[in-house]
Amino acid sequence: MRLERRNITSNLPSTPSTHQSAPPDEGDLFCFTADDDSMPMDDILGDNETLHQRRKQMAADNPILVWKEERDTYLAELIRLDGRGDSSSDVCGECCAPAQFRCLDCDDLQLYCRGCTVANHLRSPTHRIQEWTGVFFQAVSLKDLGLRVQLGHPVGQRCILPQQVSKDEFVLIDTNGIHELGLDFCGCETSNSHVRQLLRHGWFPSTATDPRTAATFRLLRHFQILSFESKASAYEFYHSLVRLTDNSGLTKPKDRYNAFLRMVREWRHLKMLKRFGRGHEPSGVKGTSQGECVVVCPACPQPGKNLVDGWALATKANRWLYATFLAIDANFRLKRRNVSSDEADPSLSTGWSYFVEETDYKSYLAQHLGGAQEKSTCSSHNAVNMADTKLSQGLAATGVGTVDCARHNMKRANGVGDLQKGEKYINMDYLFFSSLRDNSVKMLNVSYDIACQWHKHLWSRMESLPHSHHLDYLSKVVRFFVLKFHLPAHVAKCQTIFSFNFTRFVGRTDGEAPERGWSNINPVATSTKNMGPGCRRDTLDDHFGDWNWKKVVGLGASLLHKMKDARVEKAEHQAAFEEFDAVITPEHRAAWLSEMEGWEENPNDTTILNPFETKAIAITQAGARLKLAELEAEELAHGVDVSLHPEILPSVLIAAGLDIEDEQRRLTSLIKSMGLHSTDTQRGNLVRQRNSLRRKIEMWKGVQVLYMPAVRSLVQGGREDQKNAEDITLWLPSQLWNKPCDQRLQNDEWELRYAQAHDALEELRQCLRIHCSLLTFKREWMRGQGANTRGQNALARVHARRTMCVIRYRSAWTALKSLAMLLGKKDWHGKLQELADEHIKPLVDPFGIGEGRRQVSWIWMMEGLDCNGYESADDGVRIEWCKSRARALRWMEEVELLTEEMGRVIRFFGWEVQRWEERISRCVGESSANMEGLRAYAARQADIRRRLAGHFRGLWAPYLPQTLELPLPIISPQGELQLPDLTIPDIHLDE
């Protein structure tokens, strides 16, 4: 076996550590690891070592095959557990009384008597019990066996004044089912309320007065995490509990579905308040301000939290490092049907999290929603032109609009709101300015898929917003971009003005952050579509918060990966640009650099020429014919007539010959497409086309011999009459090597062939564009055999046309090489090259790499004229030089920006540590137990941030400045923090 050279990536952490899996509110340590540098196999085996034989195949290499042979054993053991198994004795193992009960949830499957079973489950009242009937086991509740749960006292101690639940019907929902319990509240004089007694027992009451239903904290925590990861609905989860309780459907438990929905919603809300320290603030829950309960992006600039002192005074060369990157988008999957109302189902938080405050939002929309929206002057953007026609029948919300952090894919505070009828400017304006309230950053980079239209009149539309939403745009630098993936759908002008690739000081930002997040939230749409308005907003707020938290704990791995990639790409593109730049003349370099810098400084100034746009006039075959005709007309005007035919001039002869040559190629292609089993109709059409082409050739050759007498001997010496029309040689000047030919005719063919090559390349480029568009459309929108067959046929037609373009160019190239030798032309190639198969690729391949990494085929450098005496011959080279420079600069900026972001993350965690420690010092509680809880929670949160900062600092050490301060770590018995490297982390902001 041959040993292939491979890279083996070590997954070991940089320092030995252990980790503990627990949620953040419980002191969770979020675990991620980063890939170390790879080690080549040659370094392990040595240059002379080879692997002589393959490792012997072991049974464990395919465990499922091994298991198949053991199915009878597994099945027998499963069935055995339906009997008493090893506990066939009728005597209780603890008190020697008759034994007939066992527990499915205890690790012990022994049989016990009634009394011992009850005593053993005083601390586990939700375990499922089975009773042996003498033949089989059947379910029985602990309540039926006599177990009563006493609240307000230690386990096993009875209250002297117990208060029984009304009608003795108390239902507790736990992870293993829905249970009826015998429950007694404490009725002592110093007892707490029934609600507090349940909460202190770890049970969440469904109502605040006379509760008769509760859910365990572990159940609510379990469902919250499950909904984050699987997007399971409350309906599905609750009915899975019903089936766990009784899967036969004969004894359904009491219906507590509505109570479960209410408890889940209240749990989500309380967890949000707890995480953001509202329990530590003297003002309590009511003192919560808008946008306060949000997981903030620690890598984005947050003045007063993670920016260095004096950042506002940074020089112009460094000011861009403190810019905020925003991405705006809409999602029409997150609809809501027109059920309930804000009065019947208000949100538990009024703009405290990601959704805007609903009352002010709807009040503003009611005043301005009636106005018509300006139509798009760019491409036909449905988001703009169809905003007033979006189907909204039966819907209270057709979707949501969001404002995200464009570089780290996190939802922003008060940046989410419902869309009533499409993606209207009035909605997106409100969300955009709402997310920017109290923002003191000096530079904003805003990306939106319709930014080219939306940004027009934005500041005049802002005047209609509440004053709190106004932005002092005159004191800021605000730049607008179109998302990279969406940009090719815009007109050519937008593709340079609004491009991230060609604009300074944006790094490798692509603006597609919202699009990546929709795949995570879209599955929730099926369950939130039928919710009331308040419940839906609270649920989506919770999911957005979890998404942001996963992104925060994943920053260690994600920024490290980006930095490693950026450093490699920076070196490669810098070297590529230097190589390109070295062959440019100093005059051109100075002129192009001046144009680039002028445009980069004033990208919105239309008086400054865009260096990425072509200035030259394209060469066409029709243009070349016109030029030759004008030259011959000028000669006739001066009395010079070189024509030998009264109607056909020399240039017309050569042009007609090229037309016949094209017709021969088309006929050849038609013959190949007919195959072996053509019909009589097809063969008849072929004969007629051949006859017509032969008559054209004969007429043309009749004139040809006047201008090219040497052709007569070639025609007479050959067997042209026996050939098919498509195979007849035309004997154009480029084919007459050893025969005399008028140089004027050779020059005419040179001009026409040169134009023909450019025509063929232009048509080839057009075919490549169409092919990419059709392929993308087919992949995204076509479903079913019929539609895909039609799509495939369309692609086949475009491919056939592309093949013809390639053949025509190669024919022109061969003729040009021959004529160049006959005419003694040197350095005639310019940007024309021999066309190989690997050169035939689209400029922007939707299934290939992006602008920042691509290598451009020479066929896309053909804008304008080549170096053949025409003006603007360097236009294509200039544009590609500008693009090469832009790619190198973007990667250089990306490295600088990532370094700054890493530092900001560390500083932000330090700020959070300080904030939680300050809360420890000012804790005020009702009792010493409350005070202890407040201090413990704050200390744990500070410890988590401190250790996150320490771990990230360790991962990023090679790329961070040594002067960066790091909060001192707290020595923890749980060991050092370790974080697994996941694209979407599986750690959640939970208790």
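**Group meeting: salt bridges and a helix pair**

The cut-offs here are under 20% relative accessible area for buried, over 50% for exposed and partly exposed in between, with a 1.4 Å probe and protein chains only.

Quick housekeeping before we go on. What you see is a predicted model, where local features need pLDDT of at least 70 and side-chain atom pairs count only at pLDDT 80 or more, while totals for chains, interfaces and linings use all residues. Residues are numbered from 1 along each chain as its sequence is written, and side-chain values use heavy atoms, with hydrogens and water left out.

Now the overall picture. The chain has 991 residues, and 47% of them count as buried. There are 28 helices and 18 strands; these are DSSP runs numbered from the N terminus, H or I with at least four residues for helices and E with at least two for strands. Take contacts, meaning heavy atoms within 4.5 Å, between residues at least 6 apart in sequence: 74% of those join residues at least 24 apart. R319 itself is in the loop between α9 (257-275) and β12 (324-331), and R319 is partly exposed at 34% relative accessible area.

Back to D342. Which residue does D342 meet in a salt bridge? That would be K362, at 2.7 Å, N to O. K362 belongs to helix α10 (residues 358-368) and D342 to the loop between β13 (336-337) and α10, so this pair ties together parts that are 20 residues apart in sequence. K362 is partly exposed too, with a relative accessible area of 34%.

By salt bridge I mean a side-chain nitrogen of Lys or Arg within 4 Å of a carboxyl oxygen of Asp or Glu. As background, side chains of opposite charge can pair when their charged atoms come close. How many salt bridges does that rule give? The count is 51.

Here's another: R801 and E763, at 2.8 Å, N to O. R801 is in helix α26 (residues 785-823) and E763 in helix α25 (residues 743-781), so parts that are 38 residues apart in sequence get tied together. R801, at 47% relative accessibility, is partly exposed, and so is E763, at 23%.

And then D943 with R947, at 3.0 Å, N to O. Both lie in helix α28 (residues 928-956), four residues apart, about one turn of the helix. Buried or exposed, D943? Buried, at 11% relative accessible area, and R947 is buried at 8%. There's also a network: salt bridges that share partners join K143, R148, R158, D168 and D184.

Last stop, a helix pair. The axes of α7 (residues 217-230) and α8 (residues 234-245) come within 11 Å and cross at roughly 135°. Who touches whom? L219, H222, F223 and L226 in α7 meet A234, F237 and L241 in α8. Those contact residues divide into six nonpolar, one polar and no charged.

Terms used:
Axes fitted to C-alpha atoms, helices over the stretch in contact; angles between N-to-C directions. Nonpolar A, V, L, I, M, F, W, Y, C, P; charged D, E, K, R; others polar.
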